[in-house]
Amino acid sequence: MGYYYGWFDPTYILVIIGMIIGLIASANVKGTFNRYSKVRSMGGMTGAQVAKRVLESQGIYDVEIRHVSGSLTDHYDPRNKTVNLSDTVYGSTSVAAAGVAAHECGHAVQHNVGYAPLSIRSALVPVVNFGANISWPLIIIGLFIRSEFGYYVILAGVILFSFAVLFQLVTLPVEFNASHRALEILGDTRILGEDELKYTRKVLMAAAMTYVAALASSILQFLRVILIANSRKR
């Protein structure tokens, strides 16, 4: 196995790079959110009120707004049509909370209009979950099989892992589009003023960069498994 020297696997460098990229993106979104969570919106609407207003402005009345625990655990669940807002968003009147709430409602709007990338991402979820659980076990097992069959076991793991990369790739337009819709609706409904939208845009852009970082990390991991597979083939 050409890429292994003693107990050291140099392909771990790719994992470390991915982790660093992810940590930087995570720190940036937390710092940006914390900064603008201290800026109260002129309208004084809570995140929950913003979500309700955004949904109603788009003629959506069958989506429930829920309060969930945690910080930045906000998400839209298409399975039961719920916008779930975290402790730092649900009752907050900040421009940051308004942006996050509107962003999650942006996903509800996507679902309502049948936005194709969202449908594709939802369809990929079970495949990605299965692949995440079995890809690395297959790769590890394949490394211990000395025959040519071992290479094909590793290759099966690589193929399953590739769905994770595809999922992250499809996620990008979904997230950027949701933010675009959010900012547009916040402006059209005058929930936020022009100056406030500038702050909210920074929060949503920082959040979007975490998905870019996740894609970069997935690509680096994918490159790593390809290197491992090629090393085994030789």
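I started with Val128, which is buried at a relative accessible area of 14% (buried means under 20%, exposed over 50%, partly exposed in between, with a 1.4 Å probe and protein chains only). This is a predicted model, where local features need pLDDT of at least 70, side-chain atom pairs count only at pLDDT 80 or more, and totals for chains, interfaces and linings use all residues. Residues are numbered from 1 along each chain as its sequence is written, and side-chain values use heavy atoms, with hydrogens and water left out.

Val128 sits in helix α5, residues 116-144 (helices are DSSP runs of H or I, at least four residues, numbered from the N terminus). Beyond its neighbours within four places in sequence, I found Val128 in contact with Phe163, Ala164 and Phe167 (contact means heavy atoms within 4.5 Å).

Next I checked the length of α6, residues 148-188. Its 41 residues should span 60 Å at 1.5 Å a residue, and the end C-alpha atoms are 61 Å apart, so the two agree (the expected span is 1.5 Å times one less than the number of residues).

Then I looked up Glu175, which lies in α6. At 4% relative accessibility, Glu175 counts as buried. Not counting residues up to four places away in sequence, Glu175 touches His103, His107, Arg121 and Tyr211.

Last, I looked at α4 (residues 95-113), which packs on α6 at about 110°, axes 7 Å apart (axes are lines fitted to C-alpha atoms over the stretch in contact, and angles run from 0 to 180 degrees between N-to-C directions). That makes α4 roughly perpendicular to α6 (65 to 115 degrees; under 35 is roughly parallel, over 145 roughly antiparallel, the rest oblique).

Note on methods
Helix = DSSP H or I, 4+ residues; strand = E, 2+ residues; numbered from the N terminus.
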